[in-house]
Amino acid sequence: MATLANISSDLPAPNIDQIIIKNFIGGKWYEPISNNFIDNKNPSTDAVICQIPDSGPADVDFATSEAKKAFPQWSALHPKERAKYMHKLADIIDANNEAMANFETMDQGKTLFMSRNVDIARTATNFRHFADYIESNLTEFTSQMSYPTANVSQDGKPVIGHALSYVQRSAVGVAGLISPWNLPLYLLSWKIAPCIAAGNTCVCKPSEFTSVTAMMLTKLIKQAGIPDGVVNIVFGLGQSTGNSIVTHKDIPLVSFTGGTITGKHIAAAAAPMFKHLSLELGGKNPGLIFDDCDLDLAIKTSVRSAFQNQGEICLCTSRLYVQRSIFDDFVAKYKRAVRDTVIVGDPTNPKTFYGPLVSKPHFEKVQSYVKHAQDAGYDVDFCVDQTVSPHIKAISASGALTVEHLENGYFMAPTVITNLQQDSRIVQEEIFGPVVSIMPFDTEEDAIRLANDTQYGLASTVWSRDQGRLRRVAGQIVSGLVWCNCWMVRDLNMPFGGFKASGVGTEGGKYSIDFFTKQQSITLG
């Protein structure tokens with residue numbers, strides 16, 4: 001039996017008040033039934049900032065039962081009523097942007113600038129976007145047709161009837177929502193918003209590495225008055241909490257964002273239960289730089305697309321292919337741009353481009369790839385200029401940085417690797433950190449072949465002034481998103497999803513609503 005925790009719906013003050021994280025079930029906060037907890041560390045300092053519940057099957061079962069109780073009333077609400085709750089929540093998130101951003105930076109390591117202007121701002125946008133969508137898209141496709149009835153007229157011919165067909169869209173039930181650590185609240189809200197807009201209830205599991213803003217969101221959900229049980233958040237590890245969500249008999253649909261290996265396990269576990277799955281998985285995204293591009297813009301944007309958020313974005317460009325005629329010039333200018341603009345350090349400093357990696361295990365994983373590249377004889381360049389970044393006191397042999405006053409943080413140098421082969425692990429495997437490879441190509445056909453030569457197919461960029469080439473090349477790259485002469489330009493109504501090992505299903509606008517609803521064809525004769 002879960003024990004109630006005495007928790008206020010008021011947000012604590014960042015860096016002042018104690019951070020307390022408890023499971024949020026049926027509109028109340030509870031201790032984990034096991035009474036076990038996991039240390040959660042600040043990646044800038046390696047210091048424990050709080051403990052998160054180590055929840056198990058019993059906690060998930062409790063949360064699912066509360067979500068089931070809430071479902072009939074929530075799904076019966078008119079969409080405009082559900083939208084009102086969501087707009088109110090978005091307003092409250094905006095009003096608490098600064099506090100929420102500080103918690104996100106403390107917990108994940110991303111810069112405070114990015115937390116304010118991307119993660120927390122986009123969280124509010126996600127709720128508004130799907131609230132607006134569900135308000136404005138209440139009418140589904142209708143069709144009128146004639147058909148022969150079973151009745152026969154005096155002349156022996158069937159009586160012709162007239163039928164009206166329409167699509168009735170309805171909520172499914174309880175959804176399991178599992179989100180990653182790189183964009184913690186941003187991507188959790190990207191799942192919660194369409195889920196509850198469509199009339200479902202949910203049981204959510206944020207990453208065990210970044211649970212703080214999810215806990216703070218539960219407080220804002222209470223402030224917004226969203227009915228108890230509509231949103232439930234259970235904290236814990238993937239193999240226990242996450243697996244319990246995926247395999248629960250009363251959770252018919254599961255939306256997961258995370259690594260491809262975990263996605264395979266989820267697909268295998270859910271398949272015998274015929275669950276509806278949305279899996280947004282890994283990426284190893286190519287950038288194709290043709291010799292007729294705007295070189296200055298291509299370099300500036302490709303630096304940002306490789307290293308933003310420590311390279312911890314599934315859409316980051318981690319493989320650059322540059323036409324041979326400009327290869328040497330591009331590499332030299334690219335490295336200089338990284339040294340001059342990619343300032344690694346304290347994520348609360350407005351001059352910092354990126355902060356520490358999210359956790360010690362991930363920090364060590366990224367360094368292991370760098371060591372592999374060094375052992376293989378590739379050219380590995382840690383692009384740090386200590387005259388530009390005097391706060392960097394040391395650079396280790398594997399690229400770890402010692403940052404003044406944050407000596408225990410998980411800081412990693414922006415790393416550029418050249419003189420490597422296409423079949424290298426550096427090119428083929430998702431590193432998910434501030435590491436980019438650069439290789440030459442000769443022809444358009446070569447560029448397309450190299451871009452498609454991994455198991456992934458999430459995103460790509462193409463740089464050229466030739467509009468015909470842009471359309472021609474983009475259409476042949478096997479990836480769900482292709483940006484031409486830009487990066488990270490997102491219309492939330494456009495489909496978002498990958499091919500091959502980058503996932504199953506599509507998110508965004510109507511595509512998210514399609515996933516979270518049943519569509520029933522009804523014909524009136």
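**Reading cavities, pockets and ring pairs**

Modeller: The largest cavity has a volume of about 100 Å³. This is a predicted model, where local features need pLDDT of at least 70, side-chain atom pairs count only at pLDDT 80 or more, and totals for chains, interfaces and linings use all residues. Residues are numbered from 1 along each chain as its sequence is written, and side-chain values use heavy atoms, without hydrogens and water.

Colleague: What is a cavity, and what is a pocket?

Modeller: Rolling a probe the size of a water molecule over the atoms shows where empty space is left. On a 1 Å grid over the protein atoms alone, a cavity is a set of points where a 1.4 Å probe fits but cannot get out; a pocket is an open set with protein on both sides within 12 Å along at least five of seven lines; lining residues have an atom within 4 Å of a point. Points join across faces, edges and corners, and volume is the space filled by probe spheres set on them. By this rule there are five cavities of 30 Å³ or more.

Colleague: Which residues lie nearest the centre of the largest cavity?

Modeller: Gly 283, Gly 311, Cys 316, Ser 318 and Phe 432, out of 14 lining residues. By class, the lining of the largest cavity has seven nonpolar (Ala, Val, Leu, Ile, Met, Phe, Trp, Tyr, Cys, Pro), two charged (Asp, Glu, Lys, Arg) and five polar residues (the others, Gly among them).

Colleague: How much space lies in the second largest cavity?

Modeller: About 50 Å³. Pro 286, Arg 319, Tyr 456, Gly 457 and Ala 459 are the closest to its centre, of 14 lining residues. Strand 12 (285–289), helix 13 (444–452) and strand 19 (456–457) each give two or more residues to that lining. Helices (H or I, at least four residues) and strands (E, at least two) are DSSP runs, numbered from the N terminus.

Colleague: What volume has the largest pocket?

Modeller: About 1,000 Å³. It is lined by 37 residues, and Trp 181, Phe 256, Gly 258, Gly 259 and Thr 262 are the closest to its centre. Helix 7 (238–246), strand 10 (253–257), helix 8 (260–270) and helix 11 (360–375) each give two or more lining residues. Helix 8 has the largest share, six residues. The lining of the largest pocket divides into 14 nonpolar, 17 polar and six charged residues.

Colleague: And how much space lies in the second largest pocket?

Modeller: About 550 Å³. Met 114, Val 118, Gln 308, Ile 313 and Met 488 are the closest to its centre, among 26 lining residues. Helix 4 (112–136) and helix 5 each supply at least two of the lining residues. The largest share, five residues, comes from helix 4. Here the lining has 15 nonpolar, five polar and six charged residues.

Colleague: Now the rings. How many aromatic pairs are found?

Modeller: A pair of aromatic rings is described by the distance of the centres and the angle of the planes. Rings of Phe, Tyr and Trp (its six-membered ring) pair if their centres lie within 6.5 Å; planes under 30 degrees apart are stacked, over 60 edge-to-face, the rest tilted. The whole structure holds ten aromatic pairs. Phe 24 and Trp 29 have ring centres 5.3 Å apart and planes at 45°, so that pair is tilted.

Colleague: Why is the pair of Trp 181 and Phe 432 edge-to-face?

Modeller: Their planes stand at 80°, with centres 5.4 Å apart, so the pair counts as edge-to-face. Trp 181 lies in the loop between strand 7 (174–178) and helix 5 (184–197), and Phe 432 in the loop between helix 12 (425–428) and strand 18 (435–441), so the pair ties together parts 251 residues apart in sequence. Trp 181 and Phe 432 are both buried.

Key. Buried means under 20% relative accessible area, exposed over 50%, partly exposed in between (1.4 Å probe, protein chains only).
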